[in-house]
Amino acid sequence: MEGKVLKKSKNKIFCGVCGGLAEYLGVDYTIMRLIYAVLSICSAAFPGLLIYLILALLMPEDQ
């Protein structure tokens, strides 16, 4: 039995982080991007951008 692995998506706009999260959680890509954008803006943008950049560096690429 194969487990889910969090990885960057090939369906990407910037780095594939939101697409990878959407695939992992089974949510539509557009909804995940909107939720992430709204949460980032509501948190004064900096924490959301910092988390996105960290995930972009740490998440493996989709083969």
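## Serine 9

Serine 9 lies in the segment before helix H1 (17–25). Helices here are DSSP runs of H or I with at least four residues, numbered from the N terminus. The model is predicted: local features need pLDDT of at least 70, side-chain atom pairs count only at pLDDT 80 or more, and totals for chains, interfaces and linings use all residues. Residues are numbered from 1 along each chain as its sequence is written, and side-chain values use heavy atoms, with hydrogens and water left out.

Is serine 9 buried or exposed? Serine 9 is buried, with a relative accessible area of 2%. Buried means under 20% relative accessible area, exposed over 50%, and partly exposed in between, with a 1.4 Å probe and protein chains only. The side chain of serine 9 makes a polar contact with the side chain of glutamate 23, at 2.8 Å. A polar contact is a pair of N or O atoms within 3.5 Å; within protein, one must be able to donate a hydrogen and the other to accept it, and residues adjacent in sequence count only if both atoms are side-chain atoms. Leaving aside residues up to four places away in sequence, serine 9 touches Gly16, Gly19, Gly20, Glu23 and Tyr29. Contact means heavy atoms within 4.5 Å.

The buried residues of H1 are Val17, Cys18, Gly19, Gly20, Leu21 and Ala22. H2 and H3 are among what covers them. After H1 comes glycine 26, whose phi is positive, near 75 degrees.

The largest nonpolar core has nine residues: Val17, Cys18, Leu21, Ala22, Met32, Tyr36, Tyr52, Ala56 and Met59. H1, H2 and helix H3 (46–58) each supply at least two residues of this core. H1 gives the most, with four residues. Such a core is a set of buried Ala, Val, Leu, Ile, Met, Phe, Trp, Tyr and Cys residues joined through side-chain atoms within 4.5 Å. Cysteine 18 touches Met32, Arg33, Tyr36 and Tyr52, not counting residues up to four places away in sequence.

## Serine 40

Serine 40 is found in helix H2 (residues 29–42). Serine 40 is buried too, with a relative accessible area of 11%. Serine 40 touches Ala45 and Gly48, again not counting residues up to four places away in sequence.
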